[in-house]
Number of protein chains: 2
Amino acid sequence: MKKTGTELTGVKEIARRANVSIGTVDRVIHNRKGVSEETKNKINAIIEEMDFRPNKMASLLASRKILNFAVLIPAVSDETDYWSYPLNGIKQAAEEIRQFGVIVQYYFYNLDSKSSFHTAAEEMLQNEPDAILMAPSFVEESIGFTQKIRELELPLVFINSDLPDQPGLSYIGPELYQSGKLAAQLTSFALQKPDKILTINIATGLENNHHLLRKEQGFKRFFEDSGLANEVITLNINDTKLDPTEKALLPALTAEPAIKAIFVTNSRVNVIAEILAKHKRTDILLVGYDFLKKNIDYLITGQITFLICQRPKEQGYLGVMALYKHLFKISEVEKSTYMPIDIITKENYMFYNG
Amino acid sequence: MKKTGTELTGVKEIARRANVSIGTVDRVIHNRKGVSEETKNKINAIIEEMDFRPNKMASLLASRKILNFAVLIPAVSDETDYWSYPLNGIKQAAEEIRQFGVIVQYYFYNLDSKSSFHTAAEEMLQNEPDAILMAPSFVEESIGFTQKIRELELPLVFINSDLPDQPGLSYIGPELYQSGKLAAQLTSFALQKPDKILTINIATGLENNHHLLRKEQGFKRFFEDSGLANEVITLNINDTKLDPTEKALLPALTAEPAIKAIFVTNSRVNVIAEILAKHKRTDILLVGYDFLKKNIDYLITGQITFLICQRPKEQGYLGVMALYKHLFKISEVEKSTYMPIDIITKENYMFYNG
DNA sequence: CTGAAAGCGCTTACAG
DNA sequence: CTGAAAGCGCTTACAG
């Protein structure tokens, strides 16, 4: 435990060298007006020469700033606890940067309701945040919204899904196509020559769920590239409940007895697992998405073999930290951070944190 | 961007309420002597009541402390770049906490040389660090060493491998047994009834490598529990070079033509891959450890199917952050953090960061 | 356009 | 055992 030396450093030293007061130095550092070009240049030269970096702690302390981070994400619903993971990551980050004067405020919207997105977004803007973390689940609505944010020049980070061509500060989330390919590779291990594969998209408003399609494309691409001859059949189910899903699934399985593997393109895989379990179809390999309680349960029974997961908790954590690092000039923020594509099985789920 | 209020807070408010000077408050906060029991109790009561938490930034600023973190880990060697990952994670963390007055100093030892560990450890102690992050690769030597550290009452975090019953602040690393079980599960997918499996331990000084044994145990346990009848054969190779390994491997494969899968208990899996590739044995499923350049190359060619990896970079990062969080009282530090057990394949390695 | 002073919430000698 | 003062490296009014 050593002490720093006693030579003049920082603004004082700059002021001394430039023969001005530290007030003027401060103005230059923060690009405030009211400094002559001449003094400004002189001071900037000295800053350059000293490789001066302001002491963030001192500045924070002196300015007594409170930064408000707004978080705009889907609410945790009864149907899926997926969003509890990003939320936990966000909360952990919030806890860690609280002492630096950052307050995180939450605005939740309902995934069933575009108007709830609007309401939450508007309320958020009312409160004049200094930075925004959002999951742009509704593409159209989010685009309109980000335009407002851009006018306000607020740093904006996307998690979970990206908004094409919207210039946010950063995107942190999955690359869907490749995760589909991975799912296909995992499926292929247990497959024999004549076996067929069923790909299932389950969602209300399937036409809006282009991200499911991306995964499906990646999945099919793997089989095309690999030269494996297994046929891939697609089943779209425009409903997330058990009964309609069962009514759609059973005929498909009866029609194609050669189906030995099912790939569900999202976290609803537990619904399929429930149906398969009910009908004692343990001969079918089931692969799906996300580290949800219900999914883990079927992983343990063996009805689901692989879950693919892209670190939702870490997405939330990194999202907040990206804003923090940007605003506090800790380090540069990556334009895109694609999360690793994790494979969860019966034998490693216990060490996965979501 | 709001400002904090102007009411008296912190030490000043405590001093006002207790009718003492802030100097005395400071003494109580830091448990320094020279305060009467009475004042002490009064102040402590107020601190309790206010739920007062010192402003770490102000205290850091005022004390101008520089904290030295010492890192004692194996050097990156020609043979394996494994340790470059923890090192990168450590550097990233170091960069992030530099502005809080933390300086990280590195002490590298050679995995082939216990004396190099001694030298590095001694040098480290000479420099009087305030906290220590270490990988206790040599168990005996590390135990002796941690006793000295305990006398100095320095916070100590272990990464990569644990030291049984040594009371460090925290352990961050893998749980080996379970990763062996996972390897077995992955192997089992592609296995037929009569197929046999070869488990290979490659290391010099195998008798010291109890961690390889742990993985092997987990691996075998999976097959016992699962009721799969596949025979598991073990091959120990007390050398890490290609030629001796080849001389040991080929006879084993000839003796047991039914071997259709090989599990290598550490990162030397690329050596086995090289031999198998040379002899065109693409029929054998190969599973091993660690996200090394050489291993990834064979993952891409398909000679290796699965790599198991336990986030070495994150271990380094979290290790430094654990010391930081402890010393700066950001949050409590977990006694043990077992890393997730990641599965790397040809289809997801590109998004893995090590 | 610039400077001098007060202050952020602490810590550190120093004096008594 | 306790207090008053100076200072950490900045920012913020205020005055000129």
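Modeller: Take the protein surface near DNA strand C: by class, 10 residues are nonpolar, 12 polar and 7 charged. Here Ala, Val, Leu, Ile, Met, Phe, Trp, Tyr, Cys and Pro are nonpolar, Asp, Glu, Lys and Arg are charged, and the others, Gly among them, are polar. The model is predicted, so local features need pLDDT of at least 70 and side-chain atom pairs pLDDT 80 or more, while totals for chains, interfaces and linings use all residues; side-chain values use heavy atoms, without hydrogens or water. Residues are numbered from 1 along each chain as written, with chains lettered from A and ligands numbered from 1 in written order.

In total, 29 residues surround DNA strand C (near: a heavy atom within 4 Å). Both protein chains, A and B, supply the closest ones: Ser21(A), Arg27(A), Thr39(A), Asp26(B) and His30(B).

Now the polar contacts (N or O pairs within 3.5 Å). Ser36(A) uses a polar backbone atom instead, 3.0 Å from a phosphate oxygen. From chain B, a polar side-chain atom of Lys12(B) also reaches a phosphate oxygen, at 2.9 Å.

Which elements give two or more residues to this surface? In chain A, helix 2 (22–29) and helix 4 (56–63) do. In chain B, helix 1 (10–18), helix 2 (22–29) and helix 4 (56–63) do. Helices are DSSP runs of H or I, at least four residues, numbered from the N terminus. Helix 4 of chain B gives the largest share, 4 residues.

Methods. Polar contact = N/O pair within 3.5 Å; in protein donor to acceptor, adjacent residues only side chain to side chain.
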